[in-house]
Amino acid sequence: MITRVTQQTMHFGAQRSLQTNLARLAELQDKASSQRAFNRPSDDPAAAAGAMRVRAELRANEQYGRNISNGDGWLTELDNAMTTSKRALDRVNEVTLQGSNSSLPPAARKALALDVESLRSELVAQANATYAGRFLFAGNADTPSALTADLTFVGGGKVERRVGPEEMVRVDADGAGVFGSGPTSVFALLDTIAADLREAKDVSVHLAPLQQRIRDVIGQHSEIGIRHARLLSAKDGVADTALALEGRRAAVEDVDLASVILDLKLQETAYQGALAVSARVLQPSLLDFLR
């Protein structure tokens, strides 16, 4: 059986071929100008779904980075507060040792008492230290101060930051664990030392509890250092993950520009060739057949 090929059939076939070549050329031009493997989800649904998953992971990783930055600020301020508190307590220990000398005149003992009271005020300031408007030693509580009038700390639960899919790091500190609470707090102890210095009493009895308080501060400070180290380690992990995710995103979304330009040039040549061939083949018109 001989298939009949008409002039109209040739026209339709040439038009379809040209449209196919032109569509491919337009697609390559879009890729070259945007440098993206696809510009609409309909271009490649599977790749678009993969890109969305990678971008969601990227956003989560960026949030971990912001959490780590915030937590780093908390722990840095805590470190400063603990360092200042330890320095103040060391000074109180020196003053108490000096005050243990029974031959000191009243004026000297009064001066030492004033020094202890000044150091107590500094400790109170550190107990109420803040970061970004939040108290470092008051947990999640929203109060005018972390330390109350009865020398206890407001309890409000831990302040934690998520630094990974399954990892949380505490960024505040337990005020009672650092400074004590109520009549057994370091503030009450310093009040007693200052009063005994003024009354010429033996203050050497306060050295043991004072040194225990110093050890408590050192222990809490060490724990904060451990948490800070975990945070910095998580920061490195977030940076590594960001690089890996960006590589995955680029593999899905970005194009090899040199390869696309080469394909574009080849497609342009093919399109120009198709135009030329169609022009040659489709030259005859109805008038040519009527002659």
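Is Ala200 buried or exposed, and at what relative accessibility? At 55% relative accessibility, Ala200 counts as exposed, where exposed means over 50% relative accessible area, buried under 20% and partly exposed in between (1.4 Å probe, protein chains only). This is a predicted model, in which local features need pLDDT of at least 70 and side-chain atom pairs count only at pLDDT 80 or more, while totals for chains, interfaces and linings use all residues. Residues are numbered from 1 along each chain as its sequence is written, and side-chain values use heavy atoms, with hydrogens and water left out.

**View 1. Helix α5, residues 186-198.** Helices here are DSSP runs of H or I with at least four residues, strands are E runs of at least two, and both are numbered from the N terminus. From first C-alpha to last, the 13 residues of α5 reach 18 Å, close to the 18 Å expected at 1.5 Å a residue; the expected span is 1.5 Å times one less than the number of residues. Among the buried residues of α5 are Phe187, Leu190, Ile193 and Asp196.

View 2. Ala200 sits in the loop between α5 and α6. Its phi is positive, near 60 degrees, in a residue other than glycine. Most residues other than glycine have a negative phi.

**View 3. Phe187 in the largest nonpolar core.** A nonpolar core is a set of buried Ala, Val, Leu, Ile, Met, Phe, Trp, Tyr and Cys residues joined through side-chain atoms within 4.5 Å. Setting aside residues up to four places away in sequence, Phe187 touches Arg120, Leu123, Val124, Ala127, Leu147, Leu151, Phe153 and Phe179 (contact means heavy atoms within 4.5 Å).

**View 4. Where α2 meets α5.** The two axes, α2 and α5, come within 11 Å and cross at roughly 25 degrees. That makes α2 roughly parallel to α5. On the α2 side, the contact is made by Leu89, Val92, Val95, Thr96 and Gly99; α5 brings Val186, Leu190, Ile193 and Leu197.

**View 5. Asn128 and its partners.** Look for Asn128 in the loop between α3 and β1. Leaving aside neighbours within four places in sequence, Asn128 is in contact with Phe135, Ser145, Ala146 and Leu147. Asn128 and Leu147 are 19 residues apart in sequence but 6.4 Å apart in space, C-alpha to C-alpha.

Terms used:
Axes are lines fitted to C-alpha atoms, for helices over the stretch in contact, and angles run from 0 to 180 degrees between N-to-C directions. Angles under 35 degrees count as roughly parallel, over 145 as roughly antiparallel, 65 to 115 as roughly perpendicular and the rest as oblique.
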